[in-house]
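Work through the exercises below with the model open. Try each task before reading its solution.

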Amino acid sequence: MELKGCIFDLDGVIVDTAKYHFLAWKRLADELGFEFTEENNEALKGVSRMASLEILLSVGGIKKSTAEKELLATRKNNWYVEFISKMTPEEILPGSVELLRRLRSVGIHTAIGSASKNAGMILDRIGISQLFDVIVDGHKIAHAKPDPEVFLKGAEELGIAPSCCVVFEDAVAGVEAALAGGMKCVGIGDKNRLSKADLVVPDLTDITIEKLRKL
Ligand code: BG6
Ligand code: MG
């Protein structure tokens, strides 16, 4: 492919915030009186806050009104924000900064494509906003992954055709979003779970520009 832009999901690709999302959702489930496991949590990865709450409530077999759901989502988010407000640059996942610098040094543009409304805060805490030309987060989109909107908006703001972009994603919904947007996708994590991606790697350490151009 003609590689001109790389779009990175944030949670689970650049930082392991999935553990904080899990702890906050689990606390909510504890309060509501049911068990919520790490396995249950897999289905929430890449999914928007309200859609995640719907999945959580269905695990507990609980029905709530729209107003109650708003309160519960805010409660969870307040706990989550407590965790991420203490994040440091040491929590940046291996290989991320090196890859971003290498891409930019050869003129390949970089973007964040995240469903999170807390992406700005996380990037501030870990101090790498300057390594991205464009940041598309949960505030800028109406449709959650697997809808391709977040990545199409990223490509559009970069001024690059989707076919010249590679997306890095750890969530099944995110891989589907990238492919639906006509982009190549590198899955970060488990080969079986992310089998639809063009390439799956455990983390960003072994990614080279040559490997990306061959996608
Ligand atoms: C995604 C996470 O990046 O953002 C999901 O993978 C999360 O787990 C979603 O639900 C929304 O995040 P936030 O911070 O807006 O609640
Ligand atoms: Mg993710």
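A polar contact is a pair of N or O atoms within 3.5 Å; within protein, one must be able to donate a hydrogen and the other to accept it, and residues adjacent in sequence count only if both atoms are side-chain atoms. The model is predicted: local features need pLDDT of at least 70, side-chain atom pairs count only at pLDDT 80 or more, and totals for chains, interfaces and linings use all residues. Residues are numbered from 1 along each chain as its sequence is written, chains are lettered from A and ligands numbered from 1 in the order in which they are written, and side-chain values use heavy atoms, without hydrogens and water.

**Exercise 1. Find polar contacts of ligand 1 with serine 52, valine 47 and leucine 44**.

Step 1. Start at serine 52. A polar atom of its side chain is 3.4 Å from a ligand 1 oxygen.

Step 2. Move to the backbone. Valine 47 places a polar backbone atom 2.7 Å from an oxygen of ligand 1. For leucine 44, the corresponding distance is 3.3 Å.

Step 3. Check the cover. Ligand 1 has 400 Å² of accessible area on its own, and the protein covers 96% of that (Shrake-Rupley method, 1.4 Å probe).

**Exercise 2. Describe the shell around ligand 1**.

Step 1. List the neighbours, taking near as a heavy atom within 4 Å. There are 15 residues around the ligand, and Asp11, Val47, Ser116, Lys117 and Asn118 come nearest.

Step 2. Sort by class. The shell has four nonpolar, seven polar and four charged residues, with Gly counted as polar.

**Exercise 3. Is serine 52 buried or exposed, and what does its side chain contact within the protein?**

Step 1. Locate serine 52. Helix α3, residues 49-60, contains it. Helices are DSSP runs of H or I with at least four residues.

Step 2. Read the accessibility. Serine 52 is buried because its relative accessible area is 2%; buried means under 20%, exposed over 50%, and partly exposed in between (1.4 Å probe, protein chains only).

Step 3. Find the partner. A polar side-chain atom of serine 52 lies 3.3 Å from the backbone oxygen of valine 47.

**Exercise 4. Classify isoleucine 84 and aspartate 124**.

Step 1. Take isoleucine 84, in helix α4 (residues 66-84). Its relative accessibility is 0%, so isoleucine 84 counts as buried. Isoleucine 122 is 38 residues away in sequence, yet the C-alpha atoms are 6.5 Å apart.

Step 2. Take aspartate 124, in helix α6 (residues 119-126). Its relative accessibility is 60%, so aspartate 124 counts as exposed.

Definitions and conventions:
Helices (H or I, at least four residues) and strands (E, at least two) are DSSP runs, numbered from the N terminus.
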